[in-house]
Each structure stands twice: as C-alpha cells, then as structure tokens.
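I opened a new notebook page for this structure. My entries follow in the order in which I looked things up.

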Amino acid sequence: LILAGSAGFGSESMLAEQHDRVTVTGYVGDAELARLYARASIFAFPSLDEGFGMPVLEAMSAGVPVITSNRSALPEVAGDAAILIDPENTAELADALNNLAENSKYRAELAGRGAIRAKLFTWERAARETWAVYRELTGSTSLPLPRS
C-alpha cells in the first residue's frame with residue numbers, strides 16, 4: 001500500500017503507527033505520481049471533502065480502477081466508473097478493496113469505464129462551460145468564446 005500526497009486532517013494517529021507493508025511518500029511530483037499510477041492495481045480515494053476530484057480523473061486516465069467517496073463532487077466526477085463508498089466507514093472501504101483485489105474481471109471493467117469517463121473531462125470543455133457561466137452572469141450572450 002502506498003499513501004501518496006500530503007498528510008490530511010486527522011492523519012497523525014494513523015501515521016504514528018508503523019506498518020511494514022505501507023509506504024508513506026508525502027508530496028510527490030508529477031513524474032513520480034505518473035509512475036505510481038502506472039504501478040497501481042487499485043486507486044482508493046476516500047476523501048472527506050473534495051473540490052473537484054482531479055486525482056480520481058488522473059487514476060481513471062491511467063487505467064486504474066477507482067474507489068472513492070460518495071460525497072462532495074466525487075460521485076459526479078466518477079459517475080458509474082468507480083465504486084462509491086462512505087469515507088468514514090472503514091469496513092465499507094475494506095470490502096471494496098477486497099472485492100477489487102480478488103476480482104480481476106471487475107477491476108478490468110472499472111478500469112475501462114474509468115478511461116472512457118475521464119475523456120469526458122477536457123480542459124476545452126471546462127473553458128467552454130466556464131465561459132458560458134460568465135456570459136450568463138453578465139447577461140451578454142453575444143460574447144464569443146476566446147480563441148487561443
């Protein structure tokens with residue numbers, strides 16, 4: 001198990017325990033993160049509060065099956081391409097991890113759905129939808145989308 005990223009709220013007690021099969025990396029750069037995704041067989045992201053869910057999309061883009069939270073923006077981002085769990089229910093997370101670890105067919109199915117889902121979230125789409133909101137808020141439907 002590899003725990004990558006900065007320590008989150010309440011992590012002190014978990015990190016104080018030493019586990020010989022758990023590696024805690026702390027912050028990792030983009031290149032190392034890409035290597036971790038490439039090596040991963042499951043990506044678990046039981047976030048308590050997430051603004052958008054970029055890590056979920058990154059894992060899906062890398063072809064890694066995802067387990068994530070059933071709250072915040074994560075269900076909308078994940079759609080039907082991830083297992084959604086209550087991030088405060090450790091038994092539910094453990095069951096989802098065991099289910100994926102033991103079922104290679106299900107892992108492959110989720111990975112495939114995730115790769116398709118991730119393609120829906122492009123920077124061009126984000127720019128167009130953001131621009132549409134600006135036009136709506138300003139009442140100016142004649143403003144063209146800026147060109148790069």
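**Surface and overall layout**

I looked up the accessible surface of the chain and got about 10000 Å², with 54% of that belonging to carbon and sulfur atoms; the areas come from the Shrake-Rupley method with a 1.4 Å probe. The model is predicted, so I noted its limits: local features need pLDDT of at least 70, side-chain atom pairs count only at pLDDT 80 or more, and totals for chains, interfaces and linings use all residues. Residues are numbered from 1 along each chain as its sequence is written, and side-chain values use heavy atoms, with hydrogens and water left out.

I then read off seven helices and five strands (DSSP runs, H or I of at least four residues for helices, E of at least two for strands). Along the sequence the pattern is β-α-β-α-β-α-β-α-β-α-α-α. Of the 148 residues, 26% count as buried (under 20% relative accessible area, 1.4 Å probe, protein chains only).

**Arg117**

I found Arg117 in helix 6, residues 104-118. Does Arg117 have a partner of opposite charge, or what is the nearest one? Arg117 is buried and has no salt bridge (a side-chain nitrogen of Lys or Arg within 4 Å of a carboxyl oxygen of Asp or Glu). The nearest side chain of opposite charge is Asp80, 5.8 Å away. I did find the backbone oxygen of Val77 at 2.9 Å from a polar atom of the Arg117 side chain.

**Helix 7**

I noted that helix 7, residues 123-138, is followed by Gly139, whose phi is positive, near 75°.

Conventions:
Buried < 20%, exposed > 50% of the residue type's maximum accessible area, 1.4 Å probe, protein only. Lys, Arg positive; Asp, Glu negative; His and termini not counted. Polar contact = N/O pair within 3.5 Å; in protein donor to acceptor, adjacent residues only side chain to side chain.
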